[in-house]
Amino acid sequence: MTSTHVIYGLLLSGFLQMFTVESKTHISVILVGATGDLAQKYLWQGLFQSYVEQVGGAHSFSFSFYGGTRLSPSDGAPAMYEILKGLSCLPNVPSARCELLKDQFLKLTQYHQLDTAEDYSALNRKIEELITQEGLEEDGRLFYLSVPAFAYADIATKVNATCRPRKGPWLRVVLEKPFGHDLNSAQRLAEELQKVLREEEMYRIDHYLGKQAIAHILPFRHDNRQSLDPIWNQHHIERVEIVMKETLDSKGRTSFYEQYGVICDVIQNHLTEILTFVAMETPVNISDSEEIHRNKMKVYASLERLHKTSAVIGQYQAYNAEVRHELQKPADYSSAVPTFAGVAMFLESPQWDNVPFILTAGKALDERVGYTRIVFKNKAFCLQNESTRKAEYSQCKPRQIIFYVGHGDLNFPAILISKNLFKPVMDGLSWKQVAEFPDVHMFGLPLSDYYIYTPVMQKDAYAVLIPQILQGKRDSFVNTEDLLASWKVWTPLLKDLSKERPRLYPGGAQNGDVLDFTVAGRAVLFSAAEPVTIIAAGIGPQSASGYKVAESSFRGNSLVSANTEELIERLASHLHRAAQATVQEVGKFHLAVSGGLSLVGLFQRLAAYHYTFPWKHTHFWMVDERCVPLRDAKSNFRSVHDHLLRHFKIPYVNIHPMPVHMNQRLCVEDDRGADLYANEIKMLVNGTSFDFVLLGAGADGHTASLFPNSQALSCDGKLVLFSESPVKPHQRMTLSLSAINRSKHIAVLITGKSKHPIVSKMSKAGEKAQSWPITSVQPSDGKLVWFIDHDALLG
């Protein structure tokens with residue numbers, strides 16, 4: 001070391017000693033759980049960085065730090081001091097000064113066993129002795145509880161009884177999530193804590209709100225009110241995406257995940273809190289914690305009730321093997337806990353009417369990334385060629401604001417604003433504009449199309465939040481009213497989803513489009529069909545790559561399987577795509593639908609969500625009909641009309657009910673109704689080949705009105721014929737098997753546990769046309785897809 005370094009070190013050491021003597025206001029910081037994983041990775045480092053920032057600051061305090069666990073000093077102290085050896089400073093702190101500050105911090109830190117009430121009482125005596133000996137004025141005590149939530153009430157009771165400061169100094173107790181797993185458990189925990197702590201003494205920390213880009217959402221909105229207020233509403237914003245993706249799985253945390261799952265782990269807290277920051281009224285005073293809290297509560301009050309159709313859930317394939325291994329579960333144990341969820345939330349608010357807030361999180365995904373993305377509507381029509389204008393300012397390009405947490409393609413925290421929106425006002429002391437761009441695209445645009453700002457000094461979330469606790473700033477923390485309001489929103493959905501089976505996904509890059517989903521109206525549905533058969537490649541816990549997805553097929557044709565509602569969503573989308581493609585190609589679409597209750601849910605789904613279906617170009621035909629008047633409640637056509645046709649303006653000439661009621665008679669052979677319908681098909685349907693046929697299947701294996709061992713099964717060459725049903729009304733009119741098999745697309749929908757026996761038999765047996773007519777449905781030149789729900793397929 002040079003003489004200059006020695007002199008500098010002596011001067012700095014003297015400065016620190018002078019500061020310690022002059023500062024009379026003292027804070028005691030007690031970290032309970034001082035050797036745990038969270039303390040080791042983040043908390044000690046956050047405390048040290050906060051201490052470094054305070055030294056020599058305008059509002060400096062003197063500190064003492066205490067680490068405590070239930071371990072004896074001989075076991076706990078070495079473990080704690082081993083963690084402290086790894087402390088580091090931010091890059092802007094010179095190394096010599098950093099070493100001195102680190103040495104000072106170590107001298108101010110001591111270990112105490114904290115288990116019994118007497119242990120806390122002894123700690124209290126130690127704090128008071130230090131304050132008295134040094135002639136200090138106590139400012140407050142900070143207890144950071146880095147322990148499981150079940151220990152909160154017990155520790156808080158001991159702190160209140162034996163270690164609360166005397167009247168005047170403050171007490172602040174920091175609590176880490178989880179804060180319950182539903183409304184009732186959160187209420188119980190809150191009530192226990194309220195018996196011994198005042199509301200202003202509790203700091204429920206949500207570390208995600210300390211991420212620098214997230215922490216700047218409200219300041220950004222406040223500083224840019226002039227530009228944002230006119231466009232921060234439903235007339236200009238298309239959607240808000242709040243996303244947290246992880247590549248890690250749940251290994252080592254399966255006990256926690258079995259109790260909480262992905263929604264309770266990160267969506268109910270982290271992502272919902274971010275939603276309130278985006279949706280709330282812009283605070284007039286950004287430093288007023290009470291105003292921010294009031295505005296958050298207005299958001300919670302306006303959130304629409306969540307239903308099971310508001311979300312999709314998934315589980316990576318290796319999860320169950322990990323649970324069985326770590327929790328010693330039997331070999332047949334199967335968990336329905338989701339490790340992925342996508343949720344669409346809406347607000348009953350003139351400002352946000354019909355704007356979806358899409359909250360997404362999951363484990364074992366393709367990348368680690370977190371962001372909040374506000375996507376603006378694009379109503380511009382740009383006539384001039386993009387190459388002849390300043391492209392980055394083009395109003396025809398997407399317009400968005402992104403609060404980017406970090407990782408992913410852009411490996412640093414940032415705020416990105418499309419240049420075709422506005423140039424933002426930013427705090428130049430804390431944020432700097434990025435001038436050189438990495439060679440990556442962000443949401444389809446080169447980075448040069450954005451104004452990009454990144455923190456002048458990148459900090460860990462805890463290093464952001466701990467100073468706020470010391471300063472008594474509560475706006476980044478969750479109070480009791482806030483917490484319970486959130487749980488009131490999420491608990492009903494959690495109850496609904498507890499009965500649902502999550503979609504399985506391989507994990508990592510292999511996920512492909514398995515987890516892609518769409519928001520249609522208020523409903524959320526997966527975009528791609530779900531693989532249904534999962535085969536373990538080996539025994540015991542496996543990584544995602546240790547599994548493979550078997551081909552999804554049933555009796556040699558494509559199979560789609562999901563819970564009933566999701567299955568119907570899939571079939572509706574499948575039909576919609578086929579109709580659009582056919583109309584685009586030939587101008588019209590011939591659809592034949594069968595009767596029965598199975599398809600009612602599909603009709604309702606189409607009526608509620610598929611407004612862009614080419615209804616005016618679609619011809620509706622019946623696959624079969626009961627021999628009753630068309631207005632009769634038992635009529636298949638009446639069911640299609642009431643649940644679907646009446647909702648759209650479909651040309652009358654495009655609707656083709658079967659002529660079962662002629663000459664005031666029902667299904668009389670002499671009236672030649674079957675021949676009339678066959679001739680109408682020959683005249684209008686090209687080659688008598690329907691574009692799409694929708695079928696169901698009975699528990700006895702019948703389809704359309706073709707029943708087991710019926711003579712109608714052997715009537716080759718006919719398009720339409722009469723048949724006999726074993727149940728009333730017995731007489732039916734139906735398309736023949738040959739007419740059905742001429743179709744370009746056939747979809748068979750089978751739902752319900754009552755159908756499991758027949759599905760199970762069909763999956764194992766060969767052709768049985770006479771016994772199970774549905775097995776003879778096989779298009780000669782078209783495609784057949786089976787849509788079978790989990791109850792029917794798996795029992």
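D115 and R70 form a salt bridge, with their closest N and O atoms 3.4 Å apart; by salt bridge I mean a side-chain nitrogen of Lys or Arg within 4 Å of a carboxyl oxygen of Asp or Glu. The two residues are 45 apart in the chain, D115 in the loop between β3 (109-113) and α5 (117-134), and R70 in the loop between β2 (62-69) and α3 (73-84). Helices (H or I, at least four residues) and strands (E, at least two) are DSSP runs, numbered from the N terminus. R70 is exposed, at 64% relative accessible area, and D115 is partly exposed, at 25%. Buried is under 20%, exposed over 50%, partly exposed in between, with a 1.4 Å probe and protein chains only.

This is a predicted model, where local features need pLDDT of at least 70, side-chain atom pairs count only at pLDDT 80 or more, and totals for chains, interfaces and linings use all residues. Residues are numbered from 1 along each chain as its sequence is written, and side-chain values use heavy atoms, with hydrogens and water left out.

Next, E128 and R166 pair through their side chains at 3.3 Å, N to O. E128 sits in helix α5 and R166 in the loop between α6 (152-162) and β5 (170-176), so this bridge ties together parts 38 residues apart in sequence. R166 is exposed, at 60% relative accessibility.

R672 and D675 also form a salt bridge, 2.9 Å from N to O. D675 is partly exposed, at 28%. The search of the whole structure finds 36 salt bridges.
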